[in-house]
Amino acid sequence: MSCFPFKAPAWSHRAAFMLVLVLHVCLPRVALGALAPLLSDFNHTAWGPQQGAPNDVVQFAQTPDGWLWLASPNGLYRFDGVRFERMDSVQGQRLHSTNVMGLLATPDGTLWIGHRFGGVSQVQDGRLRFHRPGEGLPRGSIFDIVRGPDGTIWAATAEGLASLAPGAARFAAVPADTGLPQARIYQVMFTRDGRQWVAAEGGLYHRAAGARQYLRAWPHRTLMAMAEAPDGTLWASDGIDRHYRVGIGAPVDQPAHGIPGGTGMHFDRDGTMWVLKRHALERRVAPYLGQPDGGAGRPQAAQQLGQANGISGPLPQMWFQDREGNIWIGTSAGIDRLRPNRVHSLALEAALDHPTVIGTADGSVLLGDNAGPVRTIDAEGVRQTVGPMHVKASYRAPDGAIWLGGVGMHWRREADGRWRAFPHPAALARYATHALSVDRDGRMWVALQTIGLFRVDDTEWQRNGGLADLPADLVMALARDAAERTWVGYVGGRIACIDRDRVRMFGAADGIGLGNVQSLLVDGPRVWAGGEHGVGYIEDGRWTALAAPLRGVSGMVRTPDGDLWLHGADGITRIAAAEVERILRAPGRIATLEQFNALDGLRGSAEQLRPIPTLARAADGRLWFTTASEVASIDPRRIPRNRLAPTVQIVGLQAHGRTYAGAQVELPTGTGALQIAYTALSLSMPERVRFRYRLHGVDDTWHDAGTRREAFYTNLAPGTYRFDVSAANEDGVWNDAGAHVDITLPPRFVQTKTFLALLVALGALVLYGLYRMRVRHLSRRMDDLLHARLVERARIARGLHDTLLQSVQSMIMFFDLQARCLPHDAEQRPQAERLLALADRLMAEGRDCIHDLRASAVPQELGQALRDYGDAMLPERLAVTVSGRPRALVPLVRDELQTIAREALFNCARHAGAGRVDLVLEYGRDTLRIVVRDDGCGMARPRSGHYGLSVMQERAATIGATCTLTSAPGQGTAVDLAIDARRAYADTERPALLQRLRRCVLSFRLQ
């Protein structure tokens, strides 16, 4: 690309020379060591009735568990940093009166409550004891309650002083003979030397540790609001606007006049004095009183919190410092908290217009903006004005040279501290400087508003340095790495790496999704880039995005200890060194961040256009941040930390519109939805207290609740649960012990085991009923089938009797007549007689068959039926043995068994030629068995053309029985018939349900 035909005009050298002269003039220095304005050092929060705070707070106390208690005429309140709660009852005990004045929390957890109309309530371990006025305790209002070094409780009342010794049951009034007047007592305190001081109506009194008598202190006038300074000086106020130095006796050279102050004073743990005035709270440092500016080195108003800067109301009347170091103020209209800032705003008399800061090699910090001069600053404020330049950009080169850029000009600070000006070409004079850098050849790269990037060789300006691969987009950031390469950040999310005449572009194709690239940071082998949509880095030519919710990052610094600091639209972010290393080892890991924002004292957010970068590091290690109109700083080595783990409490459980409390809670029967409220007593930054909880029996792991202070559960089954909750303060200090509550959810009757058992029993009963109905149905059907079979058999029997048997009988009679007619010696007569005998046998068998067909529907016992049949077939040869108790049989099974057994007996009678036949019938518990055994001729194998044996086996298989034949020639024959008792017996014990169903199916199949 060709060079721009831009040359610096000749007049620019003369102008630059004159400008150097002007800038070399030293302007007056600002006084050093001045105390920063109060609200630069402290974060202020006010609460009033709109936020639930009480009016006219007259006393504070903090119990060991962390609750902040507030006394007011409107009632007793407690505060967890988020919600005010009026306490008409404490630990379940209702207060005698809600009009409270005195308040004390002792280390053992006891809360002492002094009532405006008399009496003290003592609450400890869920018990309340009311000390009535007149019972050792003087009558009238309780103004103050304090604990002495020996544990004695002292109560200042409207009618005198009283004490409650350790272990005593009642207060004892301090008698008049001790030298203490029986008058209104405003305050009691103990100084570090153990001396007791009493502010009474008419004057101050004191007594040494162990003494009985009180002595009057100087000055002799009504004083109150006593406070001991770090040097041991005791101060007291007249309650109007003057303070007095208190002495044991009257000094010789000190007049009894006060020093202008306020209505009261207090000293915090750092020795700072806090003065309560009628209209404001004021901070003072030693020597505290007697100086117009309170020793602050600034106007007194800068050290005050009043109506002009947001105090909750007039008449600040009570001061308190909690266990975390926060300052609390009670006013007539609410309460206020002052919390030490972590981010300290620079105290300036006039607001800045888009400032920029840069740390120099000599340890100073330069501050410039659009409207004001360039000044050197430190944490206490402005040190010196060094020049009238209006600055848009700044850069510190590797050689320590400081460059500042403005509109139409940039400057470099020379080694002797003077500034040299470099005017821009006339065609570029109206463009503001965005960024500056110097390459390895000492050439300046300048990014200008709108028009783009230029490389400057002496007075010659060349767009993009003549490199055709560089885009014409707006440049937001420049940087130079250790390899002497120049890095360029563009709007639109592109980054260029310039290595002499070679250019490599990184963009969306490489995964960069930053939006506008607003800052670049060289960090060893990598270059970090911050933009609209986050942060990432390029290392070894590869882009890696940081997995963190970051926006608008326009300033980055890596400190020597490895921490990565970012300044963006959401405030200041710190990534600890160990976390950075974990991220570099495991790209894609979600980063753990520490945030600093308005809660920490940061006013505004990082600029998104210019001047950038918005973060710089000074030689002393302090980090400086710029916003649209403010400059703030953090000393990373001295960040105030809260090491106190928050106390965690479960406030209550809510179910069915009612609230329950306690370590063990039984909820109403049928409860399924539950809301659990919990809190953590960390008063510094309750907005950053994080919670986690779990419900044993429901949750396998902890739920990260963030800052939410409620847990919700629905569809809970009856049972016993344990709810655990723990919390961490703003610095990640966890209270792992946390708090827990055991919860019992009684079941409804329909959810009990009894109901379940009844339900199972009912189901079983229903199934049994269905089973019985099925059995009854099958029985009726089988009876009907059996009746139909018997009717049919009777019909067949009648038919056989009336037709076939009658005809056969007639034929037999005819043949018998013919045979009789034959001579006795006739050759045919023996043959005819044999035929007639055979016919008789056939006739007998026919009658037997008819007898069987006409069998009764109510059968005989099987053994008796077989005995009758055997006696007819085998007279005097049959031996019957029946073992076991005869049982009723399933009709179909009985018929088949009887038929098979009769067939076996018939075969014995007809074919065996046996002299003895044994019939054995065994009614066993598990098996019904029938054995027919003879001593006849036996057989080697079944005869051909005879089907009796095969029919017997087929009948047995039909009913699920086994039929076994054993025979050998000359050794007789045995038929062994066996069937399972569950199939045979009609009155067998009830089997299991599935077995019953199987029997139903079997019975149905056997129809």
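Biologist: In which helix is the place of leucine 905?

Modeller: The model is a predicted one. Within it, leucine 905 has its place in helix α7.

Biologist: Is leucine 905 buried or exposed?

Modeller: Residues under 20% relative accessible area count as buried. Leucine 905 has a relative accessible area of 0%, and therefore this residue is buried.

Biologist: Which residues does leucine 905 touch, not counting those up to four places away in sequence?

Modeller: Contact requires heavy atoms within 4.5 Å. With residues up to four places away in sequence set aside, leucine 905 touches Leu866, Tyr869, Gly870, Leu874, Leu878, Val917 and Val932.

Biologist: How far apart are the end C-alpha atoms of α7, and what span should its 22 residues have?

Modeller: The expected span of a helix is 1.5 Å times one less than its number of residues. The 22 residues of α7 should therefore span 32 Å. This agrees with the separation of its end C-alpha atoms, which is 30 Å.

Biologist: Which residue just after α7 takes a positive phi?

Modeller: The phi in question is about 60°. The residue that adopts it, just after α7, is glycine 913.

Biologist: Which residues have the most contacts inside the largest nonpolar core?

Modeller: In soluble globular proteins, nonpolar side chains tend to be buried together. Here the largest nonpolar core has 36 residues. The elements that each supply at least two of its residues include α6 (862-873), β70 (927-934) and α8 (948-958), while α7 gives the most, with nine residues. Those with the most contacts inside this core are Leu897 and Leu928.

Biologist: How many residues does the second, separate core have?

Modeller: Val665, Tyr678, Ile743 and Leu745 are among its members. This separate core has 26 residues.

Biologist: Which residue in β25 is the bridge partner of methionine 265?

Modeller: β24 and β25 (residues 273-276) pair in the antiparallel sense over four bridges. In β25, the bridge partner of methionine 265 is valine 275.

Definitions and conventions: Residues are numbered from 1 along each chain as its sequence is written. This is a predicted model: local features need pLDDT of at least 70, side-chain atom pairs count only at pLDDT 80 or more; totals for chains, interfaces and linings use all residues. Side-chain values use heavy atoms; hydrogens and water are left out. A nonpolar core is a set of buried Ala, Val, Leu, Ile, Met, Phe, Trp, Tyr and Cys residues joined through side-chain atoms within 4.5 Å. Buried means under 20% relative accessible area, exposed over 50%, partly exposed in between (1.4 Å probe, protein chains only). Two strands pair if DSSP finds at least two bridges between them.
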